[in-house]
Amino acid sequence: LKFSEEQEKRKKLYNQLQEAKGNVRVFCRCRPFNKEEASSGYVTVVDFTAAKDGDLGILTGGSTKRTFKFDRVYTPKDNQVEVFEDASPVVISVLDGYNVCIFAYGQTGTGKTFTMVGTEQNRGVNYRTLEQLFTTAEERKETFAYSVSVSVLEVYNEQIRDLLATSPTSKRLQIRQASEGVHHVPGIVEAKVENIKEVWDVLQAGSSARAVGSNNVNEHSSRSHCMLCILVRAKNLINGECTKSKLWLVDLAGSERLSKTEVRGERLKEAQNINKSLAALGDVISALAIKSSHIPYRNSKLTHLLQDSLGGESKTLMFVQISPSEQDLGETLSSLNFATRVRKVELGPAKKQI
Ligand code: ADP
């Protein structure tokens with residue numbers, strides 16, 4: 001009974017989100033002013049008057065306002081719990097056999113990592129996702145047997161780094177080499193996790209490996225894509241059906257353009273690779289939107305990895321992160337335009353992965 005009640009509740013929540021048909025959701029989240037901006041008297045360009053309806057106003061100068069429509073709009077006052085509540089139906093669908101991709105897009109410093117990773121006191125989507133998966137798996141244990149494993153990757157300059165393979169602390173984890181093809185990367189490490197404490201250890205191992213070899217961890221993080229992959233194997237104990245599904249949680253590299261003074265050397269190469277992969281993500285999404293027969297997944301490592309979690313049978317949730325400040329207006333508009341393009345994609349109907 002508990003399972004069917006829970007399923008009903010979830011269906012209701014999911015339907016609420018499903019204003020339009022399809023499996024792509026875009027949530028917009030604006031960070032608060034930081035201390036520096038507040039003290040230098042920057043003015044906000046964001047109008048949240050109709051945020052409850054998913055409308056976001058951007059003051060583009062003078063009395064001009066542009067309005068963008070999203071599935072959710074979060075003001076700087078909305079907290080991690082509220083944000084996750086809206087994301088959780090999409091997360092739970094991985095236990096029903098769907099592939100899912102949740103990613104955070106935006107300029108550096110707009111809260112991508114805050115939304116996905118969060119802080120110890122204010123944990124983000126990554127941790128809450130795994131917590132939710134274990135809670136729901138426990139509630140369903142009479143009907144389904146689940147096994148969950150996690151991989152942590154970083155894509156930097158079009159190269160994939162397996163963070164669990166290189167982490168100094170990963171020796172303590174229960175790990176195994178995945179069979180070829182699971183994530184389109186042969187030999188990738190999967191850490192089996194059985195409870196939320198083990199999840200914490202895996203996430204820590206991943207982030208400690210991220211710091212290795214870079215002089216400035218923050219800069220490195222803003223120029224690489226951090227990708228968590230949760231692989232769920234499910235067995236229906238009643239009919240014996242087995243499914244395998246995947247959930248990607250991606251903190252993308254900063255989407256900002258380079259300033260003219262920075263266009264040199266290593267930084268130029270990094271920026272070109274970031275542009276290439278974010279553009280490839282946009283191109284994949286556009287190709288899906290027009291139902292093109294060729295979807296260019298292979299144009300970047302990012303889209304290649306996400307291949308079976310971005311497309312007709314999977315569910316996508318994008319967080320577009322923005323700054324409230326007038327000084328970031330150009331980047332804010334460019335992020336919102338990208339997000340609008342993503343939102344126009346109508347995928348569906350979703351089918352289970354067997
Ligand atoms: P990004 O990953 O996009 O570069 P960060 O997540 O590092 O950005 O956020 C930049 C700063 O703003 C961090 O200090 C972060 O804690 C803070 N911040 C971002 N979003 C929020 C929010 N919604 N509430 C409180 N602080 C936030």
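**Exercise 1. Overall composition**

Determine how many helices and strands the protein chain contains.

*Solution.* In this predicted model, the protein chain holds 11 helices and 13 strands. The chain has 354 residues, of which 41% count as buried. Turning to contacts with a separation of 6 or more, residues 24 or more positions apart account for 72% of them in the protein chain.

**Exercise 2. Packing of α3 and α5**

*Solution.* Step one is the geometry. Helix α3 spans residues 80-92 and helix α5 spans residues 125-139; the two pack at an angle of about 55°, with their axes 10 Å apart.

Step two is the handedness: the crossing of α3 past α5 is right-handed.

Step three is the contact itself.

**Exercise 3. The surroundings of the ligand**

Identify the residues closest to the ligand and the helix that gives the most to its shell.

*Solution.* The ligand is surrounded by 14 residues, and the closest are R31, G111, K112, T113 and F114. Helix α4, residues 112-116, gives the most to this shell, with 3 residues. Sorted by class, the shell comprises 9 polar, 3 nonpolar and 2 charged residues.

**Exercise 4. I285 and the contact of α9 with α11**

Decide whether I285 counts as buried or exposed, and then describe the contact between α9 and α11.

*Solution.* First, locate the residue: I285 lies in helix α9, which covers residues 265-289.

Next, apply the cut-off. A residue is buried if 20 or more other C-beta atoms lie within 10 Å of its own. I285 has 23 C-beta neighbours inside 10 Å and therefore counts as buried.

I285 and R343 are 58 residues apart along the chain, and their C-alpha atoms are separated by 9.2 Å.

Finally, examine the helix pair. Helix α11 covers residues 329-343, and its axis and that of α9 come within 9 Å and cross at roughly 30°. This crossing is left-handed. G282, I285 and S286 of α9 make the contact with F338, R341 and V342 of α11. These residues divide into 3 nonpolar, 2 polar and 1 charged.

Key
Residues numbered from 1 in each chain as written. Predicted model: local features only at pLDDT ≥ 70, side-chain atom pairs only at ≥ 80, totals over all residues. Axes fitted to C-alpha atoms, helices over the stretch in contact; angles between N-to-C directions. Helix = DSSP H or I, 4+ residues; strand = E, 2+ residues; numbered from the N terminus. Left-handed = near helix turned anticlockwise from the far one by under 90°. Buried ≥ 20, exposed ≤ 12 C-beta atoms within 10 Å, placed from the backbone. Contact = placed C-beta atoms within 7 Å. Near = placed C-beta within 6 Å. Nonpolar A, V, L, I, M, F, W, Y, C, P; charged D, E, K, R; others polar.
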